[in-house]
Amino acid sequence: MSPTIFVVAATGTLGKALALDLRKIGWNVHATVRNPTSPAAKELANAGVKLFPGDWDNEKALRDGMIGCDGLFLNLMPSFTDWKADVRQGKTIIDIARASGIKQLVHSTGIIDMVDDFEPGSLVAVLLNNKKLVEDAARAADFDAYTILRPAAFMANWLGAKLVMCPGLVENGIFETAYKPDTVLPLVDEHDVAAFSIAAFKDPTRFDGQEIAVASEARTVEEILQLLSQASGRQLKAQYLPDEEISEKAKENIFLPGQLASRKMFRFFDIDDMAKWGIPLHTFPEFLERERASVEQTYNQRQ
Ligand SMILES: NC(=O)c1ccc[n+]([C@@H]2O[C@H](COP(=O)([O-])OP(=O)(O)OC[C@H]3O[C@@H](n4cnc5c(N)ncnc54)[C@H](OP(=O)(O)O)[C@@H]3O)[C@@H](O)[C@H]2O)c1
């Protein structure tokens with residue numbers, strides 16, 4: 001019998017990649033969804049994912065969904081209106097998983113050590129600290145095996161709705177940013193995080209207790225914009241803000257402090273070390289080629 005994995009946030013970037021990749025290898029996937037009629041939920045259902053309507057505060061939906069599951073992929077999205085939600089929801093999901101007899105956890109989180117790069121009490125600092133609290137709960141839950149994955153910046157951040165984080169880039173081709181031209185960003189393809197998750201579920205002994213910062217490759221901001229320009233056929237450029245203008249501009253663009261902190265994000269990753277896991281990883285050009293319909297939709301149909 002194929003194993004069954006409960007995937008949290010299966011309609012999101014990371015969760016959907018994993019759910020679909022698990023189905024491709026014939027494993028069973030259970031997931032809760034807030035809206036069973038959304039395009040992402042329908043795609044999951046068509047791929048054979050068993051859906052349980054409900055959100056992360058719906059304990060009955062979570063309990064029903066976890067019946068018969070062997071593994072839990074925990075991947076939360078913070079709430080920007082209720083800063084305590086993800087800790088509460090994460091602990092609830094972990095508790096229900098343990099009570100349901102789920103034996104293995106793969107938890108995708110974030111680069112929590114970046115917290116020191118943000119102003120204490122700021123939104124990002126609170127959200128990163130919340131991720132740390134959920135990680136602590138995951139370790140303490142005493143699953144037979146647990147693995148923590150800390151993904152780099154998603155390649156998918158440069159497509160679709162996630163471009164809200166780069167105001168101006170799609171509208172006028174100019175990305176006003178706190179990055180420097182030579183800022184090196186560790187990037188990750190969501191299917192590579194899925195591949196690490198599947199490897200962990202397949203080999204719990206090897207992955208038990210591992211906490212892995214997962215990056216597919218690294219690119220400078222200039223390289224990223226060049227590759228996006230080539231892929232989209234549009235001339236995309238960055239306008240690099242002088243340091244002294246960033247705090248004033250941040251009053252209008254809430255993503256600038258994150259970019260400022262991410263100038264040093266690369267130090268948390270060891271790209272060369274990734275090869276030791278023996279998991280094939282994707283480059284940014286490969287990602288853009290695979291996602292060319294979305295590149296076209298993002299950069300050429302919204303003008
Ligand atoms: N973007 C990055 O570069 C990056 C890097 C490292 C880590 N991360 C972390 O990765 C995580 C996942 O990000 P993502 O980009 O995959 O997410 P995403 O594409 O924005 O999707 C969010 C998912 O969470 C679900 N969701 C949100 N609130 C919910 C609630 N209260 N109850 C049930 N479902 C809820 C959404 O469901 P609906 O479909 O119903 O909306 C959706 O499935 C986040 O914690 C993020 O911080 C992101």
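Five aromatic pairs are counted in the structure, where rings of Phe, Tyr and Trp (its six-membered ring) pair if their centres lie within 6.5 Å, and planes under 30 degrees apart count as stacked, over 60 as edge-to-face and the rest as tilted. The model is predicted, with local features needing pLDDT of at least 70, side-chain atom pairs counting only at pLDDT 80 or more, and totals for chains, interfaces and linings using all residues. Residues are numbered from 1 along each chain as its sequence is written, and side-chain values use heavy atoms, with hydrogens and water left out.

One of the pairs joins Trp158 and Phe175 in an edge-to-face arrangement, with 5.6 Å centre to centre and 85° between the planes. This pair links distant parts of the chain, 17 residues apart: Trp158 is in the loop between β7 (153-154) and α6 (169-172), and Phe175 is in strand β8. Helices (H or I, at least four residues) and strands (E, at least two) are DSSP runs, numbered from the N terminus. Trp158 has a relative accessible area of 4% and is therefore buried; the term buried means under 20% relative accessible area, exposed over 50%, and partly exposed in between (1.4 Å probe, protein chains only). Phe175 is also buried, with a relative accessible area of 1%. A further edge-to-face pair is formed by Phe175 and Tyr179, at 6.3 Å centre to centre and 65° between the planes. Both Phe175 and Tyr179 are buried. Trp158, Phe175 and Tyr179 are thus linked by ring pairs into a cluster.

Ala178 is placed in the loop between β8 (174-177) and β9 (184-188). Its relative accessibility is 0%, so Ala178 counts as buried. With residues up to four places away in sequence not counted, Ala178 touches Ile246, Leu256, Gln259, Leu260 and Arg263, contact being defined as heavy atoms within 4.5 Å. Ala178 and Ala138 are 40 residues apart in sequence, and their C-alpha atoms are 34 Å apart in space.

Helix α1 (residues 13-24) has 12 residues. From its first C-alpha to its last, α1 reaches 17 Å, close to the 16 Å expected at 1.5 Å a residue; the expected span of a helix is 1.5 Å times one less than its number of residues. Nine of the 12 residues of α1 are buried, and the helix is mostly covered. The buried residues are Leu14, Gly15, Lys16, Ala17, Leu18, Ala19, Leu20, Asp21 and Leu22. Just after α1, Gly26 takes a positive phi of about 85°.

Ala9 lies in the loop between β1 (4-7) and α1. Most residues other than glycine have a negative phi. Ala9, however, has a positive phi near 65°. Ala9 is buried, with a relative accessible area of 16%. Asp142 likewise has a positive phi of about 65° although it is not a glycine, and is found in the loop between α5 (123-140) and β6 (145-151). Asp142 is exposed, with a relative accessible area of 57%.

Asn75 is in the loop between β4 (71-74) and α4 (85-99). This residue counts as buried at 10% relative accessibility. Leaving aside neighbours within four places in sequence, the contacts of Asn75 are Val8, Ala9, Leu14, Gly15, Trp56 and Ser108.

Helix α7 has 13 residues, which should span 18 Å at 1.5 Å a residue; the end C-alpha atoms are 18 Å apart, in agreement. α7 is mostly covered, with 10 of its 13 residues buried. These are Glu190, Asp192, Val193, Ala194, Phe196, Ser197, Ile198, Ala199, Ala200 and Phe201.

The second largest pocket holds about 560 Å³ of space. On a 1 Å grid over the protein atoms alone, a cavity is a set of points where a 1.4 Å probe fits but cannot get out, and a pocket is an open set with protein on both sides within 12 Å along at least five of seven lines; lining residues have an atom within 4 Å of a point. Grid points are joined across faces, edges and corners, and a volume is the space filled by probe spheres set on the points. The second largest pocket is lined by 19 residues, of which Thr13, Lys16, Ala156, Glu190 and Ser294 are the closest to its centre. Two or more lining residues come from each of α1, α7 (190-202) and α13 (292-300). α1 gives four residues, the largest share of the lining.
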